[in-house]
Each structure stands twice: as structure tokens, then as C-alpha cells.
Amino acid sequence: MAIRQQEPVRLNGSVELPTRPAATTAPAHGTVLTTYAARFFAVFRVAVGFVFLWAFLDKTFGLGYATPSAKAWINGGSPTKGFLSHVAAGPLESTFHGWAGAPWADWLFMLGLLGIGVALILGVALRLAAASGTAMMLFMWAAEWPLAKHTSAGAPSASTNPLIDYHVIYALAVIAVAVLAAGSTWGLGRLWARLPFVRRNRWLL
């Protein structure tokens with residue numbers, strides 16, 4: 001028999017607690033995190049986004065960290081040539097050498113860095129950012145090929161773990177912020193989700 005909302009429940013014959021229907025006490029649909037956890041993942045989302053955005057800015061303008069000014073993209077440098085031309089292990093070694101410096105590879109890589117970085121920082125299109133970021137990290141993992149102890153030339157590869165490197169961690173990070181809808185806290189995720197074209201295309205969430 002169902003208990004009405006105002007009907008008391010007596011515990012140990014002395015304490016009475018008013019009961020409420022489960023619908024009023026259950027977490028709202030889609031609620032996964034506590035308030036503090038949601039805030040933490042909001043900060044985490046922005047931090048990971050800045051990693052991607054900074055890589056784009058440094059490679060584009062040659063800010064002097066990983067990319068000197070002379071090799072900046074706007075000065076004619078190639079964002080992919082240095083990395084891909086030095087691939088020295090793995091079954092895709094020759095393939096990556098062929099891609100190194102190709103205009104389509106440069107544009108795809110740079111647009112990926114920019115799009116993923118902006119999406120994470122703003123908290124929008126996190127599913128798309130997670131898919132794109134995971135694909136990018138998978139290619140970069142394959143380029144470094146941490147499974148190999150030695151390069152194709154026989155030198156030590158400097159790999160410290162045969163499977164899990166920082167590319168895998170970044171991939172898991174972008175997946176986590178998408179799965180946890182981290183754009184809803186300190187981000188534009190809720191506003192983005194209300195847009196008509198996003199409602200019609202849920203993969204854009």
C-alpha cells in the first residue's frame with residue numbers, strides 16, 4: 001500500500017519522519033555530480049581546453065615556447081612537419097612522413113586544436129570535441145608509438161610506458177568532460193543545448 005506524503009512513519013515507536021514521494025527526493029534527470037564536483041570539472045574542462053588552445057596559439061604565432069617565431073604558421077612554418085617528419089617507430093612511420101608538412105594536414109591539425117580548445121573553454125559541443133580530441137590523440141599516440149622500445153634506426157625510443165602515455169590521458173580527459181556534461185557549470189553548455197539546431201542534432205551537445 002502506498003504511503004501518502006503527509007502520513008508519518010514511526011521509527012522505534014518514538015520518532016516520526018514525514019515522508020515524501022520518491023519523485024521529490026530523487027536527483028533530477030541528468031544529474032551526475034555534486035556541486036563541488038561540478039565546479040571542479042568546470043575548472044578541469046577549462047584547463048584541458050587551454051592546453052589545446054595554447055598549442056594552437058603558439059604554433060600559429062610562434063610565441064617562443066614550443067615554436068619559435070621564425071617557424072610560426074603565419075610566417076610560413078608548418079605545424080605538422082617537425083613532429084611527423086621525426087616519427088621513428090611504428091607501422092605508420094612512412095605514412096606520417098608522407099603527411100608531414102602537407103597543407104591539408106596543417107589545416108586539419110590546427111583547426112582541430114582551435115575548435116577543441118574553444119569548445120572546452122566555453123563548455124559547448126563537448127561531444128564533438130571529445131570525438132575530435134580522441135581521434136587527434138589516437139593519431140599522435142600512433143605517431144610516437146610507445147609500444148616500441150627502440151626506433152626503426154635501433155636507438156632507444158625513450159618510451160616509459162607501452163600503452164598509457166599523455167595522449168591517452170588527454171583523450172580520457174576530453175571524454176570525461178563530455179560524459180559529465182561539464183559545460184553546464186561555469187560554461188555555456190545549458191544555453192548551447194537550448195539552441196534549435198542543437199536540439200535537432202543531439203550529437204552537437
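Here is a short exchange about a few residues of this predicted model.

Reply: Before we start, residues are numbered from 1 along each chain as its sequence is written. Local features need pLDDT of at least 70, side-chain atom pairs count only at pLDDT 80 or more, totals for chains, interfaces and linings use all residues, and side-chain values use heavy atoms, with hydrogens and water left out.

Me: Happy with that! What makes Phe96 and Trp99 an edge-to-face pair?
Reply: Rings of Phe, Tyr and Trp (its six-membered ring) pair if their centres lie within 6.5 Å, and planes under 30 degrees apart count as stacked, over 60 as edge-to-face and the rest as tilted. Here the centres are 5.5 Å apart and the planes stand at 85 degrees, so the pair is edge-to-face.

Me: Where do Phe96 and Trp99 sit along the helix?
Reply: Both belong to helix 4 (residues 93-99), and because they are three residues apart, about one helical turn separates them. Helices here are DSSP runs (H or I, at least four residues), numbered from the N terminus.

Me: Why is Phe96 called buried?
Reply: Buried means under 20% relative accessible area, exposed over 50%, and partly exposed in between (1.4 Å probe, protein chains only). Phe96 has 2%, so Phe96 is buried.

Me: And how do you know which class Trp99 falls in?
Reply: Trp99 has 29% relative accessibility, so Trp99 counts as partly exposed.

Me: What about Ala37, buried or partly exposed?
Reply: Ala37, in helix 2 (residues 35-61), comes out at 23% relative accessibility and therefore counts as partly exposed.

Notes. Helix = DSSP H or I, 4+ residues; strand = E, 2+ residues; numbered from the N terminus.
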